Amino acid sequence: MLLNQQRIPVFYAPTLLLLHEGGASSGGEFSAGYSKLFWRSYMQSLRKHFGMVEAVRTCARVLFKEAGRAGQTRAVTLRMAGAMSPGLLAPVRRTQGLG
């Protein structure tokens, strides 16, 4: 079967199974790199869809809750805050709707 006009062959393999290991390229799901990317993009998404006030409010709520967790170190909470900051400050790209 050929895809469109580009003559790219496409094959169907019904028995093929692919497994995705979450966060592998950033050091694993609970690594510092994964956490940094997650919190930055989460803050950007909040700003884009709900505005700066809601993003800052959520940031404060999450950090307060994390700081109060049993066994949580101050360094981890500060690292989270450092990861959230670029997401709050970076420019947000607005996309046009599909409709």
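1. Buried means under 20% relative accessible area, exposed means over 50%, and partly exposed is the range in between. The model discussed here is predicted. Glu-54 has a relative accessible area of 25%, so this residue counts as partly exposed.

2. Arg-57 is partly exposed because its relative accessibility is 48%.

3. The count of salt bridges is two. Arg-69, with 48%, is partly exposed. Side chains of opposite charge can pair when their charged atoms come close.

4. On helix packing, H1 (residues 32-50) and H3 (residues 74-89) have axes 7 Å apart and an angle of about 40 degrees between them. The two helices are therefore oblique to each other. The crossing of H1 past H3 is right-handed.

5. Residues of H1 in this contact include Trp-39, Met-43 and Arg-47, and those of H3 include Arg-79, Met-84 and Leu-88. Sorted by class, the contact of H1 with H3 comprises nine nonpolar, three polar and four charged residues. Among the H1 residues taking part are also Ser-35, Lys-36 and Gln-44, while H3 also contributes Pro-86 and Gly-87, among others.

How values were computed. Residues numbered from 1 in each chain as written. Predicted model: local features only at pLDDT ≥ 70, side-chain atom pairs only at ≥ 80, totals over all residues. Heavy atoms only, no water. Axes fitted to C-alpha atoms, helices over the stretch in contact; angles between N-to-C directions. Helix = DSSP H or I, 4+ residues; strand = E, 2+ residues; numbered from the N terminus. Parallel < 35°, antiparallel > 145°, perpendicular 65-115°, else oblique. Left-handed = near helix turned anticlockwise from the far one by under 90°. Contact = heavy atoms within 4.5 Å. Nonpolar A, V, L, I, M, F, W, Y, C, P; charged D, E, K, R; others polar. Salt bridge = Lys/Arg side-chain N within 4 Å of Asp/Glu carboxyl O. Buried < 20%, exposed > 50% of the residue type's maximum accessible area, 1.4 Å probe, protein only.
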